[in-house]
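Here is a friendly note to read with the model open beside you. Take the points in order, and look up each residue as you go.

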Amino acid sequence: MPFSRRQFLSSAAAVAAAGQVPLALAKSPTKMESLIELLPNVIHTANDPGRWKKKAGSHLPDVSLEGSSLTVKTHHGMSRKHYIVRHLLVLDDGSVLGSKTYASDDKPEMTITLPENVGGRTVLALSFCNRHDLWASSYAILG
Ligand SMILES: [Fe+2]
């Protein structure tokens, strides 16, 4: 059933009354991308996968947001010889929001709770494959 205008206004008013601003994500090839451009063939992105052009789909970190829980996944197979080693989540001021190191039999997925007052900031997700190097996706946090 579609969300009616009345329901929307009611929920928006409840959120505003509670002092909360709902957060959302948008892909953001902004200032984080210019940092990455300084290191071609070291950090790979959707726009510049470098020598691993055919590997982008299985290496770019996939970031989603539900409430203030931000999840990073890399849709990559995991085996003893080839696996995702680590995720790192960095805010645009360089502060590390979270990281996780994986063993070859782990699932490459991590979830963190965003700190307050991050609306309008950019977050960079990094994923490192032991064979295909470092991959990055950046997102604007709307809210
Ligand atoms: Fe890989």
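1. Let us begin with a term: a residue is buried when its relative accessible area is under 20%, exposed when it is over 50%, and partly exposed in between, using a 1.4 Å probe and protein chains only. By that rule, 35% of the 143 residues in the protein chain are buried.

2. A word on the ground rules. Residues are numbered from 1 along each chain as its sequence is written, and this is a predicted model, in which local features need pLDDT of at least 70 and side-chain atom pairs count only at pLDDT 80 or more, while totals for chains, interfaces and linings use all residues. Side-chain values use heavy atoms, with hydrogens and water left out.

3. How far can you trust it? The predictor's confidence in each residue is its pLDDT, from 0 to 100. The protein chain averages 85, and 80% of the residues score at least 70. Confidence is highest in β7, at 98, and lowest in helix α1 (residues 5-17), at a mean of 46. Over residues 8-17 the pLDDT is below 50. Where pLDDT is low, the predicted coordinates should not be read in detail.

4. Next, the overall layout. The protein chain has 3 helices and 9 strands; these are DSSP runs numbered from the N terminus, with helices (H or I) of at least four residues and strands (E) of at least two. From the N terminus on, the order is α-β-α-β-α-β-β-β-β-β-β-β.

5. Which residues hold the iron ion? His59 (NE2), His76 (NE2), His82 (NE2), Cys129 (SG) and His132 (ND1) coordinate the iron ion at 2.0 to 2.4 Å. Donors here are N, O and S atoms within 2.8 Å of the metal (3.2 Å for Na, K and Ca); water is not among the atoms, so sites may look incomplete. Along the chain, the donors are spaced H-x16-H-x5-H-x46-C-x2-H. Distant parts of the chain are linked this way: His59 in helix α3 (residues 56-59) and Cys129 in strand β8 (residues 122-129) are 70 residues apart. His59 counts as buried because its relative accessibility is 1%, and Cys129 counts as buried because its value is 1%.

6. Now look for the nonpolar core, meaning a set of buried Ala, Val, Leu, Ile, Met, Phe, Trp, Tyr and Cys residues joined through side-chain atoms within 4.5 Å. The largest has 16 residues, and Leu70, Val72, Leu89 and Val123 have the most contacts inside it. At least two residues of this core come from each of β4 (69-73), β5 (84-91), β7 (109-113), β8 and β9 (133-142). A second, separate core of 5 residues includes Ile36, Ile43, Leu126 and Ala136.

7. Strand β7 deserves a close look. β4 and β7 pair in the antiparallel sense over 5 bridges; strands pair if DSSP finds at least two bridges between them. In β7, Thr113 is the bridge partner of Ser69.

Terms used:
Contact means heavy atoms within 4.5 Å.
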